[in-house]
Amino acid sequence: MSDTYERAQAPAPALPGDAGRPAASALREEAARLDAADPLAGHRAKFALDDATVYLDGNSLGALPAHVPARMADVIGREWGELRIRSWDESGWWTAPERIGDRIAPLVGAAAGQIVAGDSTSVNVFKAVVAATRLAGEGRDEILVDASTFPTDGYIAESAARMTGHRIVALDPADVPGAANDRTALALVNHVDYRTGRLHDLPGTTAALHAAGALAVWDLCHSAGALPVGLDAHGVDLAVGCTYKYLNGGPGSPAYLYVAERHQDRFDSPLPGWTSHAAPFGMEPGYRAADGAVRGRVGTPDILSMLALEAALDVWDGVGIEAVRAKSLALTDFFLECVAAYVPAGRVTPITPAAHAERGSQVALACEDAPDVMPELIRRGVVGDLRPGLLRFGFTPLYVGFSDAERAARVLADVLAGRPSD
Ligand SMILES: Cc1ncc(COP(=O)(O)O)c(C=O)c1O
Ligand SMILES: Nc1c(O)cccc1C(=O)C[C@H](N)C(=O)O
């Protein structure tokens, strides 16, 4: 872990803040110092953001990279408007899913040729789960599913299991390694829990599944672009993720599917659409799968969203995911520290793990009156979101700073203490 964000002083004691805002000026000064020393601070200018708002919802919808509208004007005006059908070849539309997959690959620790962009995460969960049952072969009739999963994964896995004749076993992700056995076909696990922000043990869980002869399928929605994933290094079999959170691809931007190279020959998609055919324009009546990641494609790609995503990925040029992780941990530490210092005692309880090894890039605070608190926070310019019983704050290191974290905690304390806005 880098010492870039080393603290100038010991963290402020976790004093209850009812007496006002103890330590406020010290924490504000510390935030300014950390921002001034932050090597990623310059990246914020690449995004369309205003200083009146602290945007802590990039774990739901990433901010707009400022250059994307001009690129989209060109895609619509010239590529579609003037070149029309020629753009499938001349503008590279046809190969966009695999080309963009290769742009996502380094961010999740994958070599080129294993990721294809397209469809939604839900659809890719379906492809991955069914394909994994086929790869696992006969005699394995169980699918382990993260019981705390984002709901869509659970719904899709359940339906896939009914179709393939498997049995779902829902369990805590921490229990997956111990539960894997010779009946397990695969486990589907979220790398980071969308509610709590807990980071699950991808290397250990994957290794335990392999030891039992089973496959590991990971949902990277809340980790890709926020922390190192290491898909190849840890031998993950299949993975899916969305691109509208930390990858800033835009509302409803295409998701992606990773199929490890060693499985590609036997990857048997349950949705073998024509764009994954070996000869898509041969219009053959029978299906023959293309080689490589292209096998994960289905139908015509959603080109406008796809190309907005491709442009959005430019913000990663020259950015290392390790640097992003170092800032993410420093930011979430600092926010937790400010919350502990400012917020009236007993009003919120952090449920995001304190241990760095178990933390994604968000902080979730249990709060009894969360449904009243979040709208007021948003009214005061601090945008997080609400999940049942929780205030959820996402920290996107490319555009969130330490002063943002301090301000968010201060405004939260004001709202909870019933103080008017500054
Ligand atoms: C972990 C996880 N999986 C899946 C999804 C959603 O999937 P889809 O892109 O199909 O809406 C989300 C968020 O929307 C998510 O947080
Ligand atoms: N995908 C979303 C959408 O289409 C509308 C609103 C929110 C979302 C989200 O991404 C929610 C998000 N996955 C979550 O962690 O709660």
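Modeller: Let's begin with strand S10 (residues 362-366) and strand S13 (residues 390-394), which run antiparallel and are joined by 5 bridges. Ala366, for one, has Leu390 in S13 as its bridge partner. Two strands pair if DSSP finds at least two bridges between them.

Some bookkeeping: this is a predicted model, so local features need pLDDT of at least 70 and side-chain atom pairs count only at pLDDT 80 or more, while totals for chains, interfaces and linings use all residues. Residues are numbered from 1 along each chain as its sequence is written, with chains lettered from A and ligands numbered from 1 in the order in which they are written.

Back to the strands. S10 and S13 belong to an open sheet of 4 strands, ordered S9-S10-S13-S12 with antiparallel pairing. Strand S9 (349-350) and strand S12 (385-387) sit at the edges with a single partner strand each, so one side of each is left without a neighbour in the sheet. Helix H10 (residues 321-342) lies across S9, S10 and S13, at about 25 degrees to S10. That lying-across rests on contacts, meaning C-beta atoms, placed from the backbone, within 7 Å. The angle is taken between N-to-C directions and runs from 0 to 180 degrees, with axes fitted to C-alpha atoms, for helices over the stretch in contact.

Now the other sheet. This one is also open, but has 7 strands in the order S2-S8-S7-S6-S5-S3-S4 and mixed pairing. Its edges are strand S2 (115-117) and S4, each with a single partner strand, so one side of each is left without a neighbour in the sheet. From one strand to the next, the twist averages 15 degrees.

Go to the S4 end. Strand S3 (residues 142-146) and strand S4 (residues 167-171) pair in the parallel sense over 5 bridges, and Ile143 has Ile168 in S4 as its bridge partner. S3 is largely enclosed by the rest of the structure, because 5 of its 5 residues are buried. Buried means 20 or more other C-beta atoms within 10 Å of a residue's own; 12 or fewer is exposed, and in between is partly exposed, with C-beta atoms placed from the backbone. Both faces of S3 are covered, with Glu142, Leu144 and Asp146 buried on one side and Ile143 and Val145 on the other.

Elsewhere in this sheet, strand S6 (residues 215-219) and S7 run parallel and are joined by 3 bridges, with Val217 opposite Leu238 in S7. Helix H8 (residues 202-211) packs on the sheet, touching strand S5 (184-190) and S6, and its direction makes about 150 degrees with that of S6. Helix H4 (residues 96-104) lies across S2 and S8, running at about 120 degrees to S2.

Next comes a lysine you'll want to look at. Lys245 is in the loop between strand S7 (238-241) and strand S8 (256-259). An unreviewed UniProt entry places "modified residue: N6-(pyridoxal phosphate)lysine" at Lys245. UniProt positions are in the numbering used here, feature names are shortened, and annotations may be inferred rather than shown by experiment. Lys245 counts as buried because 27 other C-beta atoms lie within 10 Å. Not counting residues up to four places away in sequence, Lys245 touches Gly58, Asn59, Ser60, Gly62, Cys221 and His222.

Two of those names come back around ligand 2, which is surrounded by Ser60, Phe150, Tyr194 and Cys221. Near, for a shell like this, is a C-beta atom, placed from the backbone, within 6 Å of the molecule. By class, that shell has 3 nonpolar, 1 polar and no charged residues. Nonpolar covers Ala, Val, Leu, Ile, Met, Phe, Trp, Tyr, Cys and Pro, charged covers Asp, Glu, Lys and Arg, and the others, Gly among them, are polar.

Ligand 1 is surrounded by 13 residues, the closest being Ser120, Thr121, Ser122, Phe150 and Cys221. Helix H5 (121-136) and helix H6 (151-164) are the elements that give two or more residues to this shell. Its classes come out as 5 nonpolar, 6 polar and 2 charged.

Definitions and conventions: Contact = placed C-beta atoms within 7 Å.
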